[in-house]
Each structure stands twice: as C-alpha cells, then as structure tokens.
Amino acid sequence: MACENRTTCPYCGVGCGVIASVDDAGTVTVRGDPEHPANFGRLCSKGSALAETLDLDGRLLFPQINGQRSSWDAALDLVAERFSDTIAEHGPDSVAFYVSGQLLTEDYYVANKLMKGFIGSGNIDTNSRLCMASSVAGHRRAFGSDTVPGTYADLELADLVVLVGSNLAWCHPVLYQRIAAAKASRPTMKVVVVDPRRTATSDIADLHLAVRPDGDVALFNGLLAHLAETNRIDEAFVGSHTSGLAEALIAASPLSMAALSEATGLSGLSIRQFFWLFADTERVVTCYSQGVNQSASGTDKVNAIINCHLATGRIGRSGMGPFSLTGQPNAMGGREVGGLANMLAAHMAIENADDRDRVQRFWKSPRIADRPGLKAVDMFDAVADGRIKALWIMSTNPVVSMPDADKVKAAIDACPFVVVSDMQGDTDTGRLAHVLLPATGWGEKSGTVTNSERRVSRQRAFLSGPGEARPDWWHITEVARRIGFASAFDFASPADIFAEHAALSAFENDGSRDFDIGAFAAIDEDQYDDLRPFHWPRPATGEMSDRFFSDGRFYHPDGKARFIPVATVPVSEQAGFILNTGRVRDHWHTMTRTGKSARLSAHMAEPYCEIHLLDAADHGVGHADLVRITGQSGGEVIVRALLSDRQARGSLFLPMHWSDETASAARVDTLVPSLTDPVSGQPALKQARVSLERYSAGFHAFLVTRNRPSDLPFSYWATAKTEGGYRLELAGDEPDGGFGAWLSRSLELGADVDMVAYADSTSGDSRILAFDDTNLLAAIFVSRAPVAVSRQWAVDQLNVDHGDRLARCRLVAGRPETNRPDRGAIVCACFSVGVNDIRRAVDHGCRSVEAIGEALAAGTNCGSCRPEIRRILDAQPLLAAE
Ligand SMILES: Nc1nc2c(c(=O)[nH]1)N[C@H]1C(S)=C(S)[C@@H](COP(=O)(O)OP(=O)(O)OC[C@H]3O[C@@H](n4cnc5c(=O)[nH]c(N)nc54)[C@H](O)[C@@H]3O)O[C@H]1N2
Ligand SMILES: Nc1nc2c(c(=O)[nH]1)N[C@H]1C(S)=C(S)[C@@H](COP(=O)(O)OP(=O)(O)OC[C@H]3O[C@@H](n4cnc5c(=O)[nH]c(N)nc54)[C@H](O)[C@@H]3O)O[C@H]1N2
Ligand code: SF4
Ligand SMILES: [Mo]
C-alpha cells in the first residue's frame, strides 16, 4: 500500500500542491494535487521530477568542522561559542546571517528572531535581496505596505495580461499554463510580453515588445502620460484614494514618439498598439518579475507600473492589478517574518520606534535591532573588509549567485568563521565553510511556505532525514539556546513556531498592518498537520477578502496610495554587449537539486550563451563554437554559443545555473558587477557589460561515461547527469599520454576492459570506447572542431546491451544504426522525447502540438515543452550545442 502525503513543491513561487506517495519498498512518486488551488493537479517538468532528486548522492550527512566529521554537540557548541565571542569582543554588528527564500517560514522566523531580537543586530539579509527587494520597496512606496493585491484567479479573469521581464513559460510554468488555458477558452483575452528576448513565453503573446534593456520606466512613464492625455484617468479613484499624481505626471512628461522610441528601443507602432490596448481594456493585470526587479532602476520600474494601475483605478478589483511574481517557494514567507535586513517582523518597520517596541515586548527580548542591517551586497563587502567576522549562510549558494562572485568567494574564504547549513556537502559555498551543518530537505522537513498570491501551504515530511541531517529551525534554536536564549527559543516543533508567528502578526494589529494571520495563533499540532492552503489575511475575528485594496484603503497613515514620480532612465551608450542572465526551463538555480535528475539535465546539458546570428557572424563565432566572455572587472566564462534570432542584437543571454561543481568556468556572476538599485539595494543582475570572443581550443571532445572522471585536466569542461552515467563536453589541449591513457587513469579502467579505438590522421578525429562484458563504460569522441556526434544517441548507448563484440565496432562510427533511431536533443523531459522524434512525427503528418502529443505523449504531462514543440513545428528549433 502506498502512503500518500499532501505537500508543496519546493521550487518556484507558484507554490503547487504535490501528492507524494511512498510505496512499501520506499519508492517515491509524485503527482500534482488536484485539490490545491495553485495548480489544480498540474505540475511542471521540475515538479514532476522531484522524486529523482531525493537520492543521497552528495548529501551532507553529518556535521563537519574543518572538513572532519563531528558530533552535533561539538558543532553547535563551536558555532555558539564563536558567535558569542565575536559579539562580546566586536559588538552585535560584527556577525551576520545570510539566509534564503527557500527556508520554510518557521526556519526563517527563528533566524530573524535570533538576529534582530536577541543578538540585537539588523544583519540578517537574504537571497531575496537578489530577487524581490525592488518589488518590496516599490510596494512599500506605493501602498505603505508590502502587499501583493491580487490572486492567480485575477490572471484568468483579466482581458489583458501584461508580462514585464518575466519568462513565465519557463519560470512559473503552471501559472503560464493557467493563462494559456484561459486564453484558449476566451480568445478575446490578450497577452503582451515586454522582454528584450523573444522567449518561450512570447509564444502566447499577441504583442511582444522587445524593449531595450532598462527601457521599462520609459515605457510605463509613456503609458501614464498617454492615459492622462487621452482622459483615461479614473478621477474619482485618484481623488479619493491616492496622492501625488501631478508630480508623477511631471516626471513622466510626455516624450515625443521619436524620443520614446529611442528610450524604449521599440517602434512607434508597437508602442501605440500597447498603449491603446492598455487604455481600452478595463481588466488588466500587469505581472512582473526579474527583468523588472534586478535592475539599477528596479524599484522605479515597479512604481512606474503601479502608477498606471493607480491612475486607472485598476487595483483591488477582479481581473486587475499589478502582480509581482515571486521567484522562490517562500520568498513571501521570508517577507512576512521580516527576513530582509531593512524589515522587522510581521510586516513591521525597523525604522519605526513603535513597531520596534511592539516586537520587543512581544518577544520579551533583551534588545532589538534599532536600525536596518546590511543588505546582501553591503554585507559581503563588510565580510570582505573584516567588519563582519562570523557569518552563517543558510540554504543559499552565494559563491555562485551573488554579483561580483569572485569577490564574494574571496570574502567568504577570508572570513574568520563561516557556518554553512545545506543539504549537499560540496557546494561552491560549502567548500569554504569552517562548520557545515547538514539540513533536511524537501520531503524530510515540515513547515509552511507562502506563494506569489499570498497562499500559505504546508510542506510535509514523508521521509526521515538521512544520516544526522536536522531541520534548519532546529540548527538555529539549538545555537540560540547555547548562546543563552533558551526560554525564547524553546520551540518543540514547527507548529509551535508557526503559532508564535501567527500571534505576532495579530499583536496590537487591529487592521493597521496588512499581514495578519491571527486565526492561527493558537494552532495545535493536529490542526497544523491538517492545515489546508489558505490566503492571508486571516485575522482572528472578522472576514477579509482574498484581494487587497477593494475598499480603496491603503496602509500609508492617510490611508491613501502614493504615485511615485520616476525618472526615465537615459539610454546607455557603453561599448560591448549587454549581459542578460536568467533561467532555463528544467534547472533550478545552482543545480544542487535539479542537477541530480538525468531527465531535467537533458534539456540544456551545457552552459551556453544565446547570441544573435548577426552578432555571432560579426565576431567570427559559428554554430556550437565555444566563446569566452569577459566582464569589465575581469571575470571570465567559457560557454557554448547558441546562435538564435530570438536574442536582441547587442545582448547576450547566459543562464545562471552552472557552478564550479558542474563546469570549468561558467559562474555567470563572476561577470556581473555589484551595482545596485539605490532604493532597494537589489543588484542589477541583467545589465552587465561584457565582451565576447571565439574561444579556440586545440581539440573538442564529447564523453559519455558510467562513472565520473576523477580529474579533468582541460581548459573547458561541463558535466551533466544522464541515465546511467554522465555526459561531458571537453576542450583544450590533449591530456598527458593521450585520451586513452587519461580515460584509463581517471575512470580507473581495469586491464580486462575492452578498448575499441579509431583515429583518422587526416581530420584529427578519434574515438575511444571502453566496454566490460556487456556494457559500454565510456565513449569519447574527439575532434579539432566542435564534435558533431549525436549526444542523445551516445548517451543512450550507456543503457543498451553491447554483449555482441562485433557490433561494438559499429559504435565507433558515432552514428545510430537505422533500427535504433536517434532521439536528438531532449525536448519533452517528462517522456524523454527528442527533437528528432518530433521531426519524424511531423514528417508522418502531425501538424499540431496536440497531434504530436497524441503520437508521442510529448507535452501531455506538464506541458512545459509545448512552446518548443510549437516552435519545431514552425521549423525554428532552438537547440543547445547539438
Ligand atoms: N526553471 C526555473 N524556474 C524558476 C527558477 C529557476 O531557477 N529555474 N527560479 C525561480 C526564481 S528564484 C525566480 S526569481 C524566478 C525568475 O523568473 P523570471 O523573472 O521570469 O526569470 P529570468 O529568466 O530571471 O528573467 C526574466 C526575463 O527578464 C528579461 N529581461 C532582462 N532584462 C530586462 C529588462 O531590462 N526589461 C525587461 N522587461 N525584461 C528584461 C530576460 O530576458 C528574461 O527573459 O524564477 C523562478 N522559477
Ligand atoms: N546573474 C544572475 N544571478 C542571480 C540571478 C539572476 O537572474 N542572474 N537570480 C538571483 C535570484 S532571483 C535568486 S533567488 C538567487 C538564487 O541563488 P541561490 O539561493 O544561491 O541558489 P540555490 O541553488 O537555490 O541555493 C540554495 C542552496 O540551499 C540548499 N538547500 C536546499 N534546500 C535546503 C534546505 O531546506 N535547507 C538548507 N539549509 N539548504 C537547502 C541547496 O542545496 C543549495 O545549495 O540567485 C540570484 N542570482
Ligand atoms: S510551477 Fe513547477 S516549479 Fe513551480 S511550484 Fe509548480 S511544479 Fe513547482
Ligand atoms: Mo529569485
């Protein structure tokens, strides 16, 4: 009998409900929870592959001190002692926590309570600084609170959905599918995508505005001016419920269409089409994500968007409003507990003396941080210059994900005392820790998360933690007790913590603060176990609507919303390419979890740079060449070129996922300077300046192997998990003794291994294959040019029987036999359907995404690959390194 557990996906902010089943043999399978109101049973490719990420490969199983296994007591005592000593000697601001939107609310609550209330410093910041800080700041400027007004249902009810700087199809796939389904059933619904790149999301767009990088403020200022000129201002709403429109209009002072075109990089026609559509449609939702937040003008972009909604009164009503899409599963929960250095707790303000007093009385704490702490970039600067001497990093991998990543790496390396809590043992950040604390992960830990629409859902444990791994809240409370705060951190369970968090949200609130979940202040273990997903607010008494601001009341002291005057960003004329960075469909951040799944690794198996065909030609870069990209402050990456007409000219797009664990030199953030938005402190992660050149290597090679090589003496390498082994792309100089000797050495191939080799002295191509009695152990394809062998076919050879020794020679050709068709690069991760399968189906008469689905099942599970199937149908495949 399988045991079923309702839980929540640990990846993106859509917050899908998952049913995880564990059978008698302990095998886990997952499916979407049909009753969860975020996804109604759907899951994307990442959610569907969750069971494949639960193995123990690379898991941190025991605490470690300086690389040696230690007991929990020794590790916790040491952390408490070093933090206490540092605070005693250098004061509370000499220590810091750098935490994460992937912590559960309960973990986050105790971390914030310890730092702000008991250590007495504001020095707790989070990777949400890199993610949501501009939205938080924009909300607070406009509404007086960090409030997301609407719900997902509003996206389906809208007649126009504007997606600004959001690649929803890949980054919030289930929400994308909900919009796509709504549009399919109501074709009058329109979608506009504002993104410099033509992404998978633009495939459902009626209008794609390939805006100039950072042209967003100009676009929405232009829209505000247009709304005023064409008498579309909702005077009644503006008069009763807002202030500051006149100043905002002066700042948005109408540019001529030519100037607006210049500032936005868009044609006059497309600008007009957008303005007319927005002006004429009452039910508009404007969703925004990292193309908005991660910018030096991020907060202004947020307010430029909100200004247009306030001006038209399109907020707080069904099917309309500004909508910030949160990235991480618990970005919202982190904001609720005050995990940002400039927040307090329960949406109270650290700058406000009454709020500080209230929180301190509630916590009965000896002290309270009296000013904001250091924001992420400043925090790592303070680590670098020695002001911060003890640092605890939880559930984030800043050596990969922070801008100026080499500087951050050096700062952590030089810090006198670094603690890292992680599930994995060997992350780029964990390698630098003095103390490593093993954390339980998804499926092993319990707590709550809040999704983009303010819906709180339970994550439930259905597996026991491996080794001695313990939940993060336990790490923190144990250290707090040892520092001397036993009674304040005497929590027995996540339910206990949640109850206190709920009580604080209601404490002396009376409707003055948006975040109130007082209904759960007395929740007990059983009720917590049974907790169904709910929207906040949920005050102890009285009903509140799921949607905020329906009564036109905001949280500034005068109850009004504010228009914020925002200045149009001048067009930058710097030399070089603009480096745009972001995500791919099937990987999550630094890949410590999705990298474990062969299916998820098949979609994009190598770090790449998307470059416009003409820019590539200008730089002598051909299809599948390697390129070297250099940042202004010296960072450098080497990645595969992916030529495309979907990329804007003058821009490069690099995914953020590869680390020193998975590639030789592909940490994108080594190229990105730590320039931040002046209001929010959020780094501009999408607008670095870089230069590009073709990288010429003595040879290129492709290796499939059952075991991971023990050494990689190549100037370029990238590795990915495959079914039955690994695939590696290599380039550089020939290793000592040649490839055969290297393979034998580094894979520890015994003398009984059957090696089949082929070399063509004219072309320089060579191939070496190693077999045991029945299986392929490794195959390497070496060439002076980028290797042309079919990757998927080669990978598949790890999983077929090669007992017939004569047939082995045929493999050397590197080409599939006709009875074993080559799938080509994997498009559908759920059913492992490749591009060649789809092309063959097209040849056999399949002419629609649905027909392909019927023939091959591709696109019929999570649906994340449907835009790519459509593109293959349109004969415009986007293929990485193939
Ligand atoms: N598959 C996958 N999904 C994820 C994640 C993941 O790692 N993998 N991470 C999650 C997290 S934490 C986050 S924050 C979200 C991020 O979700 P998104 O914000 O949707 O993703 P990104 O790829 O970072 O960037 C979005 C788009 O911004 C565009 N852009 C760049 N510069 C500009 C600009 O100046 N103006 C405008 N308008 N657009 C611009 C980029 O071209 C890119 O397509 O995704 C979440 N979901
Ligand atoms: N250039 C560029 N840089 C970016 C971005 C970008 O778009 N461009 N995006 C930024 C954004 S929006 C984000 S959110 C960040 C994300 O960047 P990170 O937060 O650094 O990335 P993750 O890989 O999600 O790191 C999470 C870590 O926590 C571990 N972990 C997982 N679950 C648990 C748990 O329950 N407990 C503990 N203790 N550890 C756990 C994982 O193994 C992993 O090491 O990157 C930012 N950096
Ligand atoms: S859309 Fe995908 S990654 Fe996001 S919560 Fe749902 S299943 Fe998880
Ligand atoms: Mo994020």
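Student: Okay, so between which domains does ligand 2 lie, and why there?
Tutor: Ligand 2 lies between domain 2 (64-126 + 346-535) and domain 4 (577-695), because both give residues to the shell around it. Domain bounds here come from an automatic or database domain assignment. Before we go on: this is a predicted model, where local features need pLDDT of at least 70 and side-chain atom pairs count only at pLDDT 80 or more, while totals for chains, interfaces and linings use all residues. Residues are numbered from 1 along each chain as its sequence is written, chains are lettered from A and ligands numbered from 1 in the order in which they are written, and side-chain values use heavy atoms, with hydrogens and water left out.
Student: Got it. How many residues surround ligand 2?
Tutor: There are 30, and the closest are Gln102, Ser401, Asp422, Thr590 and Asp669. A residue is near a molecule if one of its heavy atoms lies within 4 Å of it.
Student: And which classes are they?
Tutor: The shell around ligand 2 has 7 nonpolar, 16 polar and 7 charged residues. Ala, Val, Leu, Ile, Met, Phe, Trp, Tyr, Cys and Pro count as nonpolar, Asp, Glu, Lys and Arg as charged, and the others, Gly among them, as polar.
Student: Which side chains have polar atoms by the oxygens of ligand 2?
Tutor: A polar side-chain atom of Thr396 is 2.9 Å from an oxygen of ligand 2, and a side-chain N or O atom of Lys445 is 3.0 Å from an oxygen atom of the ligand. Arg583 has a polar side-chain atom 3.0 Å from a nitrogen of ligand 2. The protein buries 98% of the 920 Å² that ligand 2 exposes taken alone; such areas come from the Shrake-Rupley method with a 1.4 Å probe.
Student: Now ligand 1. Where does that one sit?
Tutor: Ligand 1 sits in the second largest cavity, whereas the largest cavity is the space taken by ligand 2. A cavity is a set of points, on a 1 Å grid over the protein atoms alone, where a 1.4 Å probe fits but cannot get out. A molecule sits in one if more than half of its atoms lie within 2 Å of its grid points.
Student: Which elements give two or more residues to the shell around ligand 1?
Tutor: Helix H6 (168-171), helix H13 (290-293) and strand E21 (577-582) do. Helices (H or I, at least four residues) and strands (E, at least two) are DSSP runs, numbered from the N terminus.
Student: Why does ligand 1 lie between domains?
Tutor: Domain 3 (132-324) and domain 4 (577-695) both give residues to the shell around ligand 1, so it lies between them. A side-chain atom of Asp216, a polar one, lies 2.7 Å from a nitrogen of ligand 1.
Student: What surrounds ligand 3?
Tutor: Its surroundings include Cys9, Cys12, Cys16 and Cys44, along with Pro173 and Val174. Helix H1 (45-48) and helix H7 (173-185) are the elements giving two or more residues to that shell.
Student: Switching topic: what kind of peptide bond joins Trp536 and Pro537?
Tutor: A cis one, with omega about 10°. Pro537 is in the loop between strand E19 (534-535) and strand E20 (561-562).
Student: And what's the phi of Lys364?
Tutor: Lys364 has a positive phi of about 50°, although it is not a glycine. Most residues other than glycine have a negative phi, and most peptide bonds are trans.

How values were computed
Polar contact = N/O pair within 3.5 Å; in protein donor to acceptor, adjacent residues only side chain to side chain. 1 Å grid on protein atoms, 1.4 Å probe; cavity = no way out; pocket = protein on both sides within 12 Å on 5 of 7 lines; lining within 4 Å.
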